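Subject: Structure for you to look at

Hello,

Here is the structure for your files. Please open it alongside the notes that follow.

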Amino acid sequence: NVFHAAIARASGNPYFEVAVATARQMQQDVVPLISDRIGSVRSAIQHHQAIAEAIAARDPDVAAREMAEHIRYTANAVTERFPVTTPVDGVSGEATA
């Protein structure tokens with residue numbers, strides 16, 4: 001949590017800081033449920049390290065790419081653990097175009 005808060009604070013954008021804090025608060029109950037995924041802790045550490053290195057190198061393109069990968073990985077872990085299923089009434093709750 002400290003890592004995420006530090007990055008949000010460093011952005012200088014108070015709205016982003018609130019958004020990150022809110023997202024982390026919402027994830028508190030989910031993270032323990034996905035941390036048993038094989039390699040998840042190691043992957044999170046690697047993602048955090050890559051993000052921190054890109055920030056230290058002042059390379060916003062790499063930092064953005066690494067952050068997107070980290071978010072994508074976490075989202076995939078959640079959807080694998082909690083797949084969306086179609087209820088009996090045929091309404092899945094997913095947005096339609």
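In helix 1, Phe3, His4 and Ile7 meet His48, Ile51, Ala52 and Ile55 of helix 4, where contact means heavy atoms within 4.5 Å. By class, this contact of helix 1 with helix 4 has five nonpolar, two polar and no charged residues. Here Ala, Val, Leu, Ile, Met, Phe, Trp, Tyr, Cys and Pro count as nonpolar, Asp, Glu, Lys and Arg as charged, and the others, Gly among them, as polar.

This is a predicted model, in which local features need pLDDT of at least 70 and side-chain atom pairs count only at pLDDT 80 or more, while totals for chains, interfaces and linings use all residues. Residues are numbered from 1 along each chain as its sequence is written, and side-chain values use heavy atoms, with hydrogens and water left out.

Helix 1 (residues 2-10) packs on helix 4 (residues 40-56) at an angle of about 25 degrees, their axes 12 Å apart. That makes helix 1 roughly parallel to helix 4 (angles under 35 degrees count as roughly parallel, over 145 as roughly antiparallel, 65 to 115 as roughly perpendicular and the rest as oblique). Axes are lines fitted to C-alpha atoms, for helices over the stretch in contact, and angles run from 0 to 180 degrees between N-to-C directions. Helices are DSSP runs (H or I, at least four residues), numbered from the N terminus.

With helix 2 (residues 14-27), helix 1 packs at an angle of about 165 degrees, and the axes are 8 Å apart. Helix 1 and helix 2 are therefore roughly antiparallel to each other. On the helix 1 side the contact is made by His4, Ala8 and Arg9, and on the helix 2 side by Phe16, Glu17, Val20 and Arg24. These residues divide into three nonpolar, one polar and three charged.

His47 is also in helix 4. At 10% relative accessibility, His47 counts as buried (under 20% relative accessible area; exposed is over 50%, partly exposed in between, with a 1.4 Å probe and protein chains only). Leaving out residues up to four places away in sequence, His47 touches Glu69, His70 and Tyr73.

How many salt bridges does a search of the whole structure find? It finds one, a salt bridge being a side-chain nitrogen of Lys or Arg within 4 Å of a carboxyl oxygen of Asp or Glu. Glu69 forms it with Arg72, the closest N and O atoms being 3.3 Å apart. Glu69 and Arg72 are three residues apart in helix 5 (residues 60-81), so about one helical turn separates them. Glu69 is partly exposed at 32% relative accessibility, and Arg72 is partly exposed at 44%.

Regards

Terms used. Helix = DSSP H or I, 4+ residues; strand = E, 2+ residues; numbered from the N terminus.
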